[in-house]
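Hi,

Here is the structure I promised to pass on. Have it open in your viewer while you read the rest of this email.

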Amino acid sequence: MSSPIIDPLTDQRDGARISRLALRGIRKRFGAVVALHGVDFHVDAGEVVALLGDNGAGKSTLTKIMSGVYRSDEGEFVFEGVPRDVTSPEDASALGISAVYQDLALCENLDVVENLFLGRELGPRNVPAPFRPIDRYTMEARAAEVLSGLAVRLPSLRRPVSMLSGGQRQAVAVSRAVLWGSKVVLLDEPTAALGVEQTAMVLNLVRQLRDRGLAVVLISHNLSDVFRVADRITVLRLGRCVANFNTSDVKRNDVVAAITGGNELEEIGS
């Protein structure tokens, strides 16, 4: 049974809505190159926000700041309404922020359950780790519960990841984030190189994450996918946030114009 929708966070003092993750005035420099110029970004619980932009727009840099790979030079990192000092991926993970990059970080020689619990295998706590027997039964039961809750169907939990399709591998990587209690999931091009059926499977998984109350950041070049699952769209160009749209209120041409700077070109030519 899938988990119920989690209500958005609210401030107990005044009932105001609190974003799950908010970045304010983020600036990042690499030598003489300024990759991000005072960028603001937020994502709420139970929401999918697409982060769009052309190559070099700053998407990867901003995402790596969210996941703790980079530390911003200026700006504020706020998680659940509280400013945080996130200096490493471990810091981000401890807050409940998980990133699923295109390489997925899966061990292809291991099966589904082994990948889901890699480094966190279950067993008796009173036995030292090197000698601890693995509780395979409990691990399989927990894996099956999480996958079922996300409506993910796999041929077998004991099948090596190398034998799964691209969409199934993506599902395993995302399910691992859910299994370990993530509150924010960053998805980097999750449907890249997938076929129609596999893409539909992954997009349904994104919806499942939203319905379970997770905050989802979707980095994608595929506008069709974005319009199918995203609630809001944030566009970066040349390291600056140039547009924020509600997906239901915007046309695709307007999003493309924001990505490419088409509106500016029209103004110059007018």
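Below is what turned up, starting with the ground rules.

This is a predicted model, so to speak of local features we need pLDDT of at least 70, and side-chain atom pairs count only at pLDDT 80 or more, while totals for chains, interfaces and linings use all residues. Residues are numbered from 1 along each chain as its sequence is written, and side-chain values use heavy atoms, with hydrogens and water left out.

**The sheet**

Helices (H or I, at least four residues) and strands (E, at least two) are DSSP runs, numbered from the N terminus. Two strands pair if DSSP finds at least two bridges between them. In general, strands of a sheet pair through backbone hydrogen bonds, either parallel or antiparallel.

Here we have an open sheet of 6 strands in the order S8-S9-S10-S5-S11-S12, with mixed pairing. Its edges are S8 (97-100) and S12 (240-246), each of which pairs on one side only. Neighbouring strands are turned by 20° against each other on average, ignoring direction. Axes are lines fitted to C-alpha atoms (for helices, over the stretch in contact), and angles run from 0 to 180 degrees between N-to-C directions.

For a parallel pair, look at S5 (residues 47-52) and S10 (residues 215-219), joined by 5 bridges. There, Ala 50 sits opposite Leu 218 of S10.

Helix H8 (residues 252-260) lies across S5, S11 (232-237) and S12, at about 25° to S11. Contact, by the way, means heavy atoms within 4.5 Å.

**A glutamate to click on**

Is Glu 140 buried or exposed? Glu 140, in helix H4 (residues 136-149), counts as buried because its relative accessibility is 17%. The cut-offs are under 20% relative accessible area for buried and over 50% for exposed, with partly exposed in between (1.4 Å probe, protein chains only).

Not counting residues up to four places away in sequence, Glu 140 touches Val 113, Leu 157 and Arg 158. Its side chain also makes a polar contact with the Arg 158 side chain, at 2.8 Å. That term means a pair of N or O atoms within 3.5 Å; within protein, one must be able to donate a hydrogen and the other to accept it, and residues adjacent in sequence count only if both atoms are side-chain atoms.

**Cysteines**

A disulfide is a pair of cysteine sulfur atoms within 2.5 Å, and the whole structure has 0 of them. Cys 107 is partly exposed at 27%, and Cys 241 is partly exposed at 29%.

Cheers
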